[in-house]
Amino acid sequence: MTEAHSAKLAGKVACVTGSGQGIGQAIAIRLAKEGADVVVDDRVIGESAQQTVAAIQKLGRRAVTVQGDLGNPADDRRVIAEAVAQMGKIDILVNNAGVERRADFWDVTEQDFDFVLNINLRGTFFITQDFVNHLRATNRPGRIINISSVHEELPFPHFSTYCASKGALKMLCRDLAIELAPLGITVNNIAPGAIETPINKDLLNNPEELKMLLGKIPLGRLGTPDDVARLAAFLASDDAAYITGSTVTVDGGLLWNYQEQ
Ligand code: BGC
């Protein structure tokens, strides 16, 4: 089969938030492999965001950058407008940008709360609203894929702000799936478990904690960003046309691992 025949996303434009690193970077590149042109959005367009762009261009696809900090309400309202100005349209929005901050519940500050909730929830909410309004204005269907977490289900003590944001994304996905279905827009969440990315750098540098975590993952390894990216490419494609309002877990079995021994 030629590349053109296998390009499931040919003619599509995707915007991936936080695609300067980690899972977002892998998704941006994977969508390009499947034929999409890609808008690379990140808080800072630095060397790693440029690497995402270069990798996409090497695949023969268009890539442009939009600097936009989803934690900054003034910034996040510009991202879709700037992306559309550069690419002409967007078909697929991947809400990947996310942060976490560890703190005992009794020590969580308003700054911690705002930092995590503004990026993971508020920014995601309003960029999605802008994307939906773009689709409405151009009368086209679209795809929304949120990178949530196993912690939209699973408690994660000392990460209450993160859990609150991811639990909210679970409900937002289900609610928007219903409201936006008549517009031909599907909304799904991907819930990664422990993936080897910069968000986990403390854990990755702590052999004890890492060993304990690996013991809880039935498949016995951390996930790779591409484990998540392959699912995002599927959910963005026509193969997933009838899937909406779902969370798909990519966690090596972590979430439902229960054993009595
Ligand atoms: C968090 C990681 C954590 C993993 C598994 C992810 O959502 O970002 O810090 O290791 O879930 O608990």
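Helix H5 has 29 residues and reaches 39 Å from its first C-alpha to its last, close to the 42 Å expected at 1.5 Å a residue; the expected span is 1.5 Å times one less than the number of residues. Helices here are DSSP runs (H or I, at least four residues), numbered from the N terminus.

Before I continue, a word on the basis. This is a predicted model, in which local features need pLDDT of at least 70 and side-chain atom pairs count only at pLDDT 80 or more, while totals for chains, interfaces and linings use all residues. Residues are numbered from 1 along each chain as its sequence is written, and side-chain values use heavy atoms, with hydrogens and water left out.

Within H5 there is a kink of about 50°, centred on Asn118; the bend at a residue is the angle between axes fitted to the seven residues ending there and the seven starting there. Just after H5, Asn139 adopts a positive phi of about 55°.

I turn now to the packing of H5. Its axis and that of helix H6 (residues 160–180) come within 9 Å and cross at roughly 15°. Axes are lines fitted to C-alpha atoms, for helices over the stretch in contact, and angles run from 0 to 180 degrees between N-to-C directions. H5 and H6 are therefore roughly parallel to each other (angles under 35 degrees count as roughly parallel, over 145 as roughly antiparallel, 65 to 115 as roughly perpendicular and the rest as oblique). The residues that meet, with contact meaning heavy atoms within 4.5 Å, include Phe113, Leu117 and Phe125 in H5 and Tyr162, Leu169 and Leu176 in H6. This contact divides into 12 nonpolar, five polar and two charged residues. Ala, Val, Leu, Ile, Met, Phe, Trp, Tyr, Cys and Pro count as nonpolar, Asp, Glu, Lys and Arg as charged, and the others, Gly among them, as polar.

Helix H4 (residues 73–87) also packs on H5 (residues 110–138), at an angle of about 30° and with the axes 9 Å apart. That angle makes H4 roughly parallel to H5. Among the residues making the contact are Arg77, Ile80 and Val84 of H4 and Arg122, Phe126 and His134 of H5. By class, there are seven nonpolar, three polar and four charged residues.

Which helix packs with H2? Helix H2 (residues 22–33) packs with helix H9 (residues 225–236) at an angle of about 50°, their axes 8 Å apart. H2 is therefore oblique to H9. Ile23, Ile27 and Leu31 of H2 and Val228, Ala232 and Ala236 of H9 are among the contact residues. The contact has 10 nonpolar, one polar and three charged residues.

Technical notes: Helices (H or I, at least four residues) and strands (E, at least two) are DSSP runs, numbered from the N terminus.
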